[in-house]
Amino acid sequence: MSLFGTGALGRVVRSGVGRRRVQTVVIAVATMMAVASAVVAGSLMVAAAAPFDNAFKKQQGSHITAQFDPARASAAQLAKTGKLSGVAASAGPYPSTSVRPVDRAGFQLPALTLVGRSAPDGAVDRVELKSGRWARKPGEIVLAASFEGPAIGIGATLKASDAEGAPALSIVGFAVSASKTADSWATPAQVDALVSEGHPVASQMLYRFDSASTKQQIIADRKKLAASVGSGALLGTQSWLDTKRAADQGAAATVPFVMAFGALGIVMSVIIVSSVISGAVGTSLRRIGILKAIGFTPREVVRAYMAQALIPAGAGIALGVVLGNLLAVPLLSDTESVYGGVPLSVAWWVDVTVPAAALAVVGVAALIPALRAGRLRTVEAIAVGRAPRTGRGQWAHRAMGLLPLPRPVTYGLATPFTHPVRTLAMLLAVAFGTVAATFAVGLTSSLTAIGTSQDPESRAAVTVTTTKLNNVAPPPPPPVGGSVASPSPVSGSVASTSEPKIADPAKVRAAVTSQAGTGSYYGKTQTEVAVTGISGSVQASLYEGDSRSGSYEMISGHWITGTRQVVVPTRFLEKTSTKIGDTVRVTYEKETANLQIVGESFDTSSSELEIHADMANFASAEPSAFLVEVKSGVSADEYAQKVAAVIQPLGGDATTNTPSGQEGVILIMSAMAVLLTLMLVSVAGLGVLNSVVLDTRERIHDLGVCKAIGMSPRQTMSLVLASVTAIGVIGGLIGVPAGYALHRLVMPVMGRAVGTSLPSPVLDVYEPVQLLLLGLGGVVIAVLGALIPAGWAARARTATALRTE
Amino acid sequence: MHQVIELEGVAKRYDSAGAPALGPLTLSVAKGEALAVTGPSGSGKSTLLGLVAGLDKPTDGAVIVAGRRIDQLSEHALAKFRREHIGMAFQFFNLLDDLTVTDNIQLPAQLTGTSRRKAEARAYELMETLGIQKHARAYPGRLSGGERQRVAVARALVNRPALLLADEPTGALDTASGHDVRNLLMDLHRAGQTIVLVTHDLALAEACASRTIHLVDGHLALDTYAQAVR
């Protein structure tokens, strides 16, 4: 038996749900979309908030990953370190070494930490296999999932090094270690075999501590480990706090974005569901009167109308949870591939909280009008639709009637004033939809601008290098949650362990200069310098010639225009407490120069503090590459081939540049923005649809009268569409500035999360025409939402409409 | 004599298996004639009115109004035809509560594209004729039944239609208001307006109509014109 019984009440509920099919479907669909949006937004908020923490917890991540010298600490000694006070769990020792494998195409991968583990699980660092299987025998290797790509897949074979006779390693799986304890894994026997061939070896131990949440605690834990073994036995340690910081830096960028969309989705869901439900009950007053007249008690009426809202809403909620999960999982999967970690499935409590909250909203939204219906005097309820309406909106009809527009249009324009609350809900739905669309357009434009600004070298048509390009390693795996530099012969390190032949930069320059078709070019090298006040080395790009075409976007100041100048990223300014105009002392090899900071570059490409200066500051610096712009009409490919033919015998090479693809995080955020926007706009459209359905139902008799006195279907349609057009215009006028403001609010927060300010091209992404079109988007949402009921009204038979009460 | 309405073998079935709700019926109404259609509930009076107004389409036969066969027109063409050639007054007035009396009356004129000024002038002319000019700025909800029906008639006449259809125009009125409306219809008839009046009220039919037909189960049971001819 149903909640509402099989008796008269159940029959009333069933007939109410069945008879008002459009409304039932709208309630179900609007609720479904709202819940799906909320599930997607909620799950992304949860995932974006703590992907590393989730993964680390699930994998029993290693607080300290320690490398010991096996010659100074035996396996038994190391096993004992797991019993030290404060150690909650330990794993190892695992043999560990460093390898630089070479793939079939001859590309050498970056140096990888290879750890010998017979299984991925253990008390600490339960490495998760993403695909394939674990290595079972020598000759097999499992790589970190970030290496997976078209050229490196399961079944592919790598050579352990570029040395003659280096053993082949077949890739059997890809895995993720949240703690980043290794880049690759093989059987212990395989690692031992590599060690015997001269690779360095270490014993890796993984520890979890009772107290390891602060840097001080980690330092104390490390001291305990060092003290437990002989002097010099502990070669190095890696703290989980450093790994977490790197991971969170990338994740943090997505949090403000997802929060903004999540908040939009939730607010819209509440508005739409409330207006749908209260409208549904509100339009049934006459039926309520009849029910009371034939003996239903007020309580039964309340229950009946609560049920009529809750049944389709319940179905919509259930479908919404399913849809939300289906939509969220691929997004989370993408997110996971970027963050690295455990599968980021929709958090169970999101699947419980969202439908529960939606049900509560639906319940409250239905209860208020249902209680009103229950209290309504029978005679008043029956009179609804028969007695003439008075009051609301008449002034608007009078005023609109004066406009020099066709009468059906002016009649339609006045309609919203008849139901101010319903109109307000519709207006909010359109405004929120426009906010979402405006924000999403701005966000994707900003992300595109960030993407293109991150690889200034790719703007050059041809790159001419002083080394052979096949000696250059493919891109390193993306850092956790962060961005990655696109492959670039200039920024890539020369990978061959054998001494590669390097062409004389002067000869390469001469080849470029003398080559017909050379438009302009500049030289560049990437190197390490010392900067007074910063411990350790700092990455520096040194330029020869006019490098403006390869400049980074500037947050403030300007690009280098000569010697004695340096451009630095935001992080550099923060770390050194300097500002534009200050002078820093930079040492390259044995030369020192005092350089004035002239610009703040927009650079999120690495966590390093990369500075940019003129090569002429350091007499000994020489370019390792030349970035060439060819003359108009010259084929870059042909140009590169000709230059390569000249300089390859010297040891150099030339290749064309292709614009770098967008980074994973940017693509994911763009995809999320598009998906969430589509969902929010759909929900907004459904909100309008529902309101117009209610309006049209209520006014069907009036429309019948209009048709009877000669209003054509087209005029009827224009009347209904005009009734939402003003709402669309106002919604657009509210939504576009709000979306613009949201973009201006969220983007800098996202920038700060990754340690940079944002330059004007990233922030000022809206064109006036674009804003105008987005404003019209409000009208589009409103008109599309009203199109179905408008068509229905236009097609409604006049005789039937006239009989409708 | 010029015929405003010509029905040729018109039948209307709502249920393909059942008996027709109306007809087959052949009938013509001349210009200036006032035809009263009487009959019990379910006799097909409203169906007949709906077919003549182009609100519904016959299952069989042809409906010709003002010289145009309207049963083959599209919805758009029908709407256009209706606003130019037919005025309708309903039992429950069917005025738009949101609009003032003037706006209600001038609405059909505005639908034809007549300028607001011209439509307003015509509305005032009709309000004066029908004695409701003092309610020009009022809303229908504030008027008595009789006044509302006058407004409805004024609206029906605003485009100077060839045909005025009145569906139980006194059915929702008290006696005094009913009397008012009866006089109004008589005046219109005397002025040469072609009228089709559907009513239960035989006294109204007798007073206002030059001819009466009586329908029973969708069939013509009485036609006073035919009787007179015989």
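What follows is a working chat about a predicted model with chains A and B.

Colleague: Which scores does the model have for ipTM and pTM?

Modeller: It scores ipTM 0.87 and pTM 0.69. This is a predicted model, in which local features need pLDDT of at least 70, side-chain atom pairs count only at pLDDT 80 or more, and totals for chains, interfaces and linings use all residues. Residues are numbered from 1 along each chain as its sequence is written, and chains are lettered from A and ligands numbered from 1 in the order in which they are written.

Colleague: What is the mean pLDDT of chain B?

Modeller: The mean is 90, with 97% of the residues of chain B at 70 or more; pLDDT is the predictor's confidence in each residue, from 0 to 100.

Colleague: Switching to chain A, how many helices and strands are there?

Modeller: Chain A has 22 helices and 20 strands, taken as DSSP runs numbered from the N terminus (helices H or I, at least four residues; strands E, at least two). Of its 805 residues, 53% are buried. Buried means 20 or more other C-beta atoms within 10 Å of the residue's own, exposed 12 or fewer, and partly exposed in between, with C-beta atoms placed from the backbone.

Colleague: Which residues touch the most other members of the largest nonpolar core?

Modeller: A:Ala429, A:Val688 and B:Leu197, in a core of 195 residues. Helix α18 (residues 664–708) of chain A brings the largest share, 19 residues. Such a core is a set of buried Ala, Val, Leu, Ile, Met, Phe, Trp, Tyr and Cys residues joined through C-beta atoms within 7 Å.

Colleague: And what does B:Leu197 touch?

Modeller: Leaving out residues up to four places away in sequence, its contacts include B:Ala34, B:Val37, B:Leu185 and B:Cys208. Contact means C-beta atoms, placed from the backbone, within 7 Å.

Colleague: How many residues does each chain give to the A–B contact?

Modeller: Chain A gives 23 residues and chain B 25. On the side of chain A, α18(A) gives the most, with 4 residues.

Colleague: Back to chain B. What is the strand order in the open sheet?

Modeller: The order is β6-β7-β8-β3-β9-β10, 6 strands with mixed pairing; two strands pair if DSSP finds at least two bridges between them.

Colleague: Why do β6 and β10 of chain B each have one side without a neighbour in the sheet?

Modeller: They stand at the edges with a single partner strand each, so one side of each is left without a neighbour.

Colleague: In which sense do β3 and β9 of chain B pair?

Modeller: Parallel, over 4 bridges. B:Thr38 stands opposite B:His214 in β9(B).

Note on methods: Contact = placed C-beta atoms within 7 Å.
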